[in-house]
Amino acid sequence: MVTAVAVAAALVLAGCVATAVRRRFVVVTVRGESMLPTFTDGQRVLVRRCAVAAVAPGDVVVFADPRDADRDRLEAERERLVAAGVPALPPPPWRGSEWLVKRAAAVPGDPVPRAAVPALAEVDHDVVPAGALVVLGDNAARSDDSRRYGYVAANRLVGRVLRTLS
């Protein structure tokens, strides 16, 4: 009886530890050539979930594709119309949100890198605002990044890459 209780307690503890680890860390597969030569297509990296305050320029980060923010906005508007009784088309078949891997070029409080990031050349402020990141792929010729879409909202940040796994 005592052994069964000890085994059950150990299993519960192991489950709690596994859940805590999954909430803190995630494994992400790099897709594409935007981070060559640092990472190759298909390589897996270990990511520690974190807030933007834990990111420094030069860190490699993972974030939800900022272009999905348009999808979120459009879906919220569609739901608002339906709730108001306005007939609306069914939602389009969105692809799943993608996580992207890039290098943090500037974090809140850093100077806006206008020369390196054409999308930010005309902003009316001199420092990266709170709640924003500037991210760049290591392979500029093959990277869709802040050079094209500007800031990445901090709420899209998943975490910081700790190491490669494969």
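1. The protein chain of this predicted model contains 3 helices and 7 strands. Helices (H or I, at least four residues) and strands (E, at least two) are DSSP runs, numbered from the N terminus. Along the sequence, these elements follow the pattern α-β-β-β-α-β-β-α-β-β.

2. On conventions: residues are numbered from 1 along each chain as its sequence is written. Because the model is predicted, local features need pLDDT of at least 70 and side-chain atom pairs count only at pLDDT 80 or more, while totals for chains, interfaces and linings use all residues; side-chain values use heavy atoms, with hydrogens and water left out.

3. Of the 166 residues in the protein chain, 31% are buried (under 20% relative accessible area; exposed is over 50% and partly exposed in between, with a 1.4 Å probe and protein chains only). Among contacts (heavy atoms within 4.5 Å) between residues at least 6 apart in sequence, 65% join residues at least 24 apart.

4. The UniProt record, in an unreviewed entry, lists residues 8-112 and 123-161 for "domain: Peptidase S26"; such annotations may be inferred rather than shown by experiment. Residues 123-161 are 10% helix and 31% strand, with end C-alpha atoms 29 Å apart.

5. Strand 5 has pairing partners (two strands pair if DSSP finds at least two bridges between them). Strand 4 (residues 99-106) runs antiparallel to strand 5 and is joined to it by 3 bridges; Ala 106 has Val 134 as its bridge partner. Strand 6 (residues 152-153) also pairs with strand 5 in the antiparallel sense, over 2 bridges, and Leu 133 is partnered by Val 152.

6. Glu 33 lies in the loop between strand 1 (25-29) and strand 2 (44-49). This residue counts as partly exposed because its relative accessibility is 36%. Glu 33 and Gly 137 are separated by 104 residues in sequence, yet their C-alpha atoms are 8.8 Å apart. Leaving aside residues up to four places away in sequence, Glu 33 touches Asn 139 and Arg 142. The side chains of Glu 33 and Arg 142 make a polar contact at 2.9 Å (a pair of N or O atoms within 3.5 Å; within protein, one must be able to donate a hydrogen and the other to accept it, and residues adjacent in sequence count only if both atoms are side-chain atoms).
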